[in-house]
Structure formats: structure tokens, C-alpha cells
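Subject: The structure I promised you

Hi,

Could you open it first and keep it beside you while you read?

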Amino acid sequence: MEGVTGLNPLAPLAPTTESPAASATPPPSPPPPMRQVAQMAVALAFSPATGSFRLALEPVELGRVEITVRREGETHRVLVMAERPETLALLQRDRQELDRALTQSGLVVEEGGIGFSLASGQGTGGGEWGGQGWERQGWGGGGGGRAAPAEPAPPEPRRAARGLLDLNI
């Protein structure tokens with residue numbers, strides 16, 4: 001190091017004006033709640049079996065929602081049950097986004113085919129999920145005037161993954 005002038009390897013580094021926290025980029029914000037719901041509803045509608053999925057929304061303060069999609073011939077019905085009343089109000093306000101996402105995906109949802117409900121636990125965390133929302137929406141028993149099956153359908157066999165996201169519902 002004799003040929004290099006002005007560099008002292010033992011000299012302290014000069015302080016920088018930028019702190020490490022300031023130079024780090026903030027984490028990306030989560031998508032709006034209805035976009036999170038719409039993405040899952042579209043995925044459920046295209047799944048081979050009709051089903052439901054419980055989704056923890058981001059940020060966590062929004063709680064969980066259960067999204068259920070029922071196929072009735074060529075049309076679909078979607079029910080979104082929210083754990084918290086505030087989240088339910090927010091999702092109801094943005095129902096147009098869900099309708100738009102379903103339509104853009106090529107799915108047919110008739111007028112009144114999207115319903116919203118509050119889980120019966122009223123946000124306490126011990127709420128009942130499942131079929132109660134269908135009855136509250138007047139869609140009980142499978143909807144469309146058809147009788148509900150007496151026994152649940154047997155589970156479908158597992159399928160090989162076709163993409164990066166493999167959801168078995």
C-alpha cells in the first residue's frame with residue numbers, strides 16, 4: 001500500500017447523512033380488500049368443484065372473510081361472509097369491483113348473484129361460518145328452487161398442479 005496516497009485502511013469511515021432505515025424502501029402495501037376477495041372468488045369459480053375458502057385479509061385488522069362460489073348451470077352465485085361489521089361495510093361499498101372482476105374473467109353472475117353477510121359470531125373470532133349466509137340471502141338449499149343434496153358429495157381426487165398456485169378446495 002505504499003504507492004497509494006491518502007488512503008488509510010485504519011481510518012474510520014466518514015459518517016453518511018442517510019440512515020439505513022431511510023434508504024430502505026418501504027414494503028409494498030397490500031391490495032385493497034375487495035381485490036383480495038375478487039382474486040379468490042375468480043379462482044374458486046374456475047375450480048372444478050364448487051367450494052368455499054376462508055381468507056385472512058391484509059392488513060390483519062380487517063379480519064377474515066369466507067368466500068363461497070356456487071355454480072348454477074351457466075351462472076355463478078358468490079357469497080362473501082365477513083368476520084367484522086366494518087369489513088362487511090367496506091366490501092359492500094366496493095361490490096362493483098367484485099362484479100367487474102368476475103365479468104372480466106368471463107363469468108356470468110345474474111342480478112342479485114353477489115351477496116354479503118356477517119359471520120354469526122359478530123366478529124368475536126368464534127363466529128359460525130358456512131351455510132348461514134346462504135339462508136340469510138334467501139339462497140338456502142342450493143338456490144334456484146332446487147333441493148339440497150341429502151348427503152355431501154364425495155371428495156374429488158387430488159389433481160396434479162397445472163401452474164404455480166395449486167389450490168385444492
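The protein has five helices and four strands; helices (H or I, at least four residues) and strands (E, at least two) are DSSP runs, numbered from the N terminus. From that end, the order of the elements is α-α-β-β-β-α-α-β-α.

Before the details, some ground rules. This is a predicted model, where local features need pLDDT of at least 70 and side-chain atom pairs count only at pLDDT 80 or more, while totals for chains, interfaces and linings use all residues. Residues are numbered from 1 along each chain as its sequence is written, and side-chain values use heavy atoms, with hydrogens and water left out.

pLDDT is the predictor's confidence in each residue, from 0 to 100. The protein has a mean pLDDT of 74, with 57% of its residues at 70 or more. Confidence is highest in helix H3 (residues 85-93), with a mean of 96, and lowest in helix H5 (residues 132-136), with a mean of 53. Over residues 141-154 the pLDDT is below 50, and residues 122-127 also stay under 50. Where pLDDT is low, the predicted coordinates should not be read in detail.

The strands

Let's start with E3 (75-82). How many of its residues are buried? Eight of eight, where buried means under 20% relative accessible area and exposed means over 50%, with partly exposed in between (1.4 Å probe, protein chains only). In a regular strand the side chains alternate between the two faces of the sheet. Here Thr75, Arg77, Leu79 and Met81 point one way from E3, while His76, Val78, Val80 and Ala82 point the other way.

E3 pairs with two other strands (a pair needs at least two bridges found by DSSP). Strand E2 (residues 64-72) runs antiparallel to E3 and is joined to it by eight bridges; Arg70 has Arg77 as its bridge partner. These two strands form a hairpin with two residues between them, and Gly73 in the turn has a positive phi of about 70°. With E4, E3 runs parallel, through five bridges, and Leu79 stands opposite Gly115 there.

Helix H4

Now look at H4 (residues 95-104), where Leu98, Ala101 and Leu102 are buried. They lie on the same side of H4 because they cover an arc of only 95° around the axis, taking the directions from the helix axis to the C-beta atoms. Gln96, Thr103 and Gln104 are exposed on the other side. What do the buried residues of H4 pack against? Helix H2 (33-46), strand E3 and strand E4 (114-118). Just after H4, Gly106 takes a positive phi of about 90°.

The core

A nonpolar core is a set of buried Ala, Val, Leu, Ile, Met, Phe, Trp, Tyr and Cys residues joined through side-chain atoms within 4.5 Å. The largest one has 27 residues, and Val65, Ile67, Leu98 and Leu102 have the most contacts inside it. H2, E2, E3, H3, H4 and E4 each give two or more residues to this core, with H2 giving the most, at eight.

Across the whole protein, buried residues make up 32% of the 169 residues.

Cheers

Notes: Contact = heavy atoms within 4.5 Å.
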